[in-house]
Amino acid sequence: MAPPLLLLLLASGAAACPLPCVCQNLSESLSTLCAHRGLLFVPPNVDRRTVELRLADNFIQALGPPDFRNMTGLVDLTLSRNAITRIGARAFGDLESLRSLHLDGNRLVELGSSSLRGPVNLQHLILSGNQLGRIAPGAFDDFLESLEDLDLSYNNLRQVPWAGIGAMPALHTLNLDHNLIDALPPGAFAQLGQLSRLDLTSNRLATLAPDPLFSRGRDAEASPAPLVLSFSGNPLHCNCELLWLRRLARPDDLETCASPPGLAGRYFWAVPEGEFSCEPPLIARHTQRLWVLEGQRATLRCRALGDPAPTMHWVGPDDRLVGNSSRAWAFPNGTLEIGVTGAGDAGDYTCIATNPAGEATARVELRVLALPHGGNTSAEGGRPGPSDIAASARTAAEGEGTLESEPAVQVTEVTATSGLVSWGPGRPADPVWMFQIQYNSSEDETLIYRIVPASSHHFLLKHLVPGADYDLCLLALSPATGPSDLTATRLLGCAHFSTLPATPLCHALQAHVLGGTLTVAVGGVLVAALLVFTVALLVRGRGAGNGRLPLKLSHVQSQTNGGTSPTPKSHPPRSPPPRPQRSCSLDLGDTGGCYGYARRLGGAWARRSHSVHGGLLGAGCRGVGGSTERLEESVV
């Protein structure tokens, strides 16, 4: 029974190698070579004991957990130059012994947080030459402690998981070249004590934050692991922010400055330290003074110039830094917005612009016009609500409940620049101190407020934009039910209207009629002039033809070769015999009705004969009346 069992084992081992692949059993390791085999997917019958699996230069498009299941002994996996666009969650989950993973030259667009989970002992990860635009923050978490070589070059990365990369103590080589990275966070490489090569070539870095890592390359003898740093091909802005890097005096000479204009194109390490300068901030414009009604939005603006671009901050009237909150927003461009102003927001605000060269400040005064507050009133419907058109018009169901069903707000007598707003008295039980009209147009989304006394129920809006659509809401200001800095508002109704165009239709029609009339008149004059000119030419031609006789060929003599030319005899004039009337022809006789055409044709033929043969001896007769014409021609 032993020989058949041995044959069965050998046969089973031979069948474990996929048909298009080559399997090599070297000592105790098994290598499966499936490169250049035209595979569309990972062969399902790969020996699970394989140590080295090469699947490069195929057409594999996706990877999933079944592809490498139970391959716990796999050490080297090569998937280079395929068409992989997706890696499923935990596709490498069973590869606990994997040391090297090559995924370069594929079509990966992003890596999820679980795409690379599993290989806890991975040392070399090659992801270059893909189309990666995003890598999830936790994509490298399973092999942070073991990874030594990370290649992310030739991708479309603007950001990389800096927190994960900074936590790789064993990392030796980091290739980030040929990406779209435009900024490095401060201290991103501070913990990479073993890093020996950092390639940042051909990115969009204008500046580099100070990092102790870069100083390791100054003294190769003193440093146990000198750093090879490459950051050429970046648009470096050579100002005082890069002075720390210039003082390192590294031997590299490929980096050049892209700006400012005075240093553009010069070698970075050849620029003297004194030319790495900055410009202190200068506040170019800012809001001087702003008055708003209590409850309205306040926007304070501040713009500053400098090199590098200044960082903007705001300090409130209480000498505290104004930060983002539920009712105030400070934007990086220097704009401060307060959503709903109260009496406590009034005061002097300070805009501060800072950069490494200094700082600049500007004062902005904000005044909040307080609304009158009632004393001993007890209204039921006046609970506080938002006082902007977005909350009142578009989300009235969520804010104020249902709209008032009494007289609706109407806009009548609309012209190109004005409109009359009218409304009813409302509910008698609700006291109203004043009305507030809020409106904006499709041409400008800026909200405009108008305050109307409580005794009025009409208001004429002026200075509107012609041909624009308007949204308008009317609010009643009532006393608050409890102690509050804000006056309670109640939405009475909203309306939508459109102003008339700037140019009335009648004026446009009159202009069109006038233009058409002028066009017809000018065209008629031109046609009449052309007709008169044509008739004059016809009359002139007929008159010239009636006064001249056509050419007539008669008494033509020729000479013989070698003979003398006979002297022509003169004949007395005689009247031509009568001939019957005939139509105009080209026999150059008396034609009666086509003298002009026959005369021109005869003259042209005579000139042609003279130029070709050279024997024209006589010219056409220029006589008038009944004289005859003689034309003598010599034939050579």
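Leaving aside neighbours within four places in sequence, Asp211 is in contact (heavy atoms within 4.5 Å) with Gly187, Ala188, Phe189, Ala190 and Trp244. The structure is a predicted model, in which local features need pLDDT of at least 70 and side-chain atom pairs count only at pLDDT 80 or more, whereas totals for chains, interfaces and linings use all residues. Residues are numbered from 1 along each chain as its sequence is written, and side-chain values use heavy atoms, with hydrogens and water left out.

Asp211 is located in the loop between β13 (197-199) and β14 (228-230); strands are DSSP runs of E with at least two residues, helices are runs of H or I with at least four, and both are numbered from the N terminus. Asp211 counts as buried because its relative accessibility is 6%; buried means under 20% relative accessible area, exposed over 50%, and partly exposed in between, with a 1.4 Å probe and protein chains only. The Asp211 side chain also reaches the backbone nitrogen of Phe189 at 3.3 Å.

**Sheet**

An open sheet of 3 strands runs in the order β26-β27-β30 with antiparallel pairing; two strands pair if DSSP finds at least two bridges between them. Because β26 (410-412) and β30 (458-461) are edge strands, each with a single partner, one side of each has no neighbour in the sheet. On average, neighbouring strands here are turned by 25° against each other, direction ignored; the axes are lines fitted to C-alpha atoms. Strand β27 (residues 419-422) pairs with β30 over 4 bridges in the antiparallel sense, and Val421 stands opposite Phe459 in β30.

**Disulfides**

The whole structure contains 6 disulfides, defined as pairs of cysteine sulfur atoms within 2.5 Å. The table lists some of them.

| Disulfide | S to S distance | S-S torsion | Hand |
|---|---|---|---|
| Cys17 and Cys23 | 2.0 Å | about 95° | right-handed |
| Cys21 and Cys34 | 1.9 Å | about 115° | right-handed |
| Cys473 and Cys494 | 2.0 Å | 100° | right-handed |

Cys17 is partly exposed, at 21% relative accessibility, and Cys23 is likewise partly exposed, at 29%. Cys21 and Cys34 are joined by a disulfide that links distant parts of the chain, 13 residues apart: Cys21 is in the loop between α1 (2-15) and β1 (22-26), and Cys34 is in the loop between β2 (29-33) and β3 (52-54). Both Cys21 and Cys34 are buried.

The disulfide of Cys473 and Cys494 connects strand β31 (residues 469-478) with strand β32 (residues 488-498), so parts 21 residues apart in sequence are tied together. Cys473 is buried, with a relative accessible area of 1%, whereas Cys494 is partly exposed, at 30%.

**Aromatic pairs**

The structure holds 10 aromatic pairs; rings of Phe, Tyr and Trp (its six-membered ring) pair if their centres lie within 6.5 Å, planes under 30 degrees apart being stacked, over 60 edge-to-face and the rest tilted. Phe68 and Phe92 form a stacked pair, at 5.8 Å centre to centre and 25° between the planes. Phe68 is in the loop between β4 (62-63) and β5 (76-78), and Phe92, 24 residues apart from it, is in the loop between β6 (86-87) and β7 (100-102). Phe68 and Phe92 are both buried.

The rings of Phe231 and Phe268 form an edge-to-face pair, because their planes stand at 85°, with centres 6.2 Å apart. Phe231 is in the loop between β14 and β15 (236-237), and Phe268 is in the loop between β16 (257-259) and β17 (279-286), 37 residues apart. Both residues, Phe231 and Phe268, are buried. Together with Trp269 and Phe276, Phe231 and Phe268 form one aromatic cluster.

Methods
A polar contact is a pair of N or O atoms within 3.5 Å; within protein, one must be able to donate a hydrogen and the other to accept it, and residues adjacent in sequence count only if both atoms are side-chain atoms. Axes are lines fitted to C-alpha atoms, for helices over the stretch in contact, and angles run from 0 to 180 degrees between N-to-C directions.
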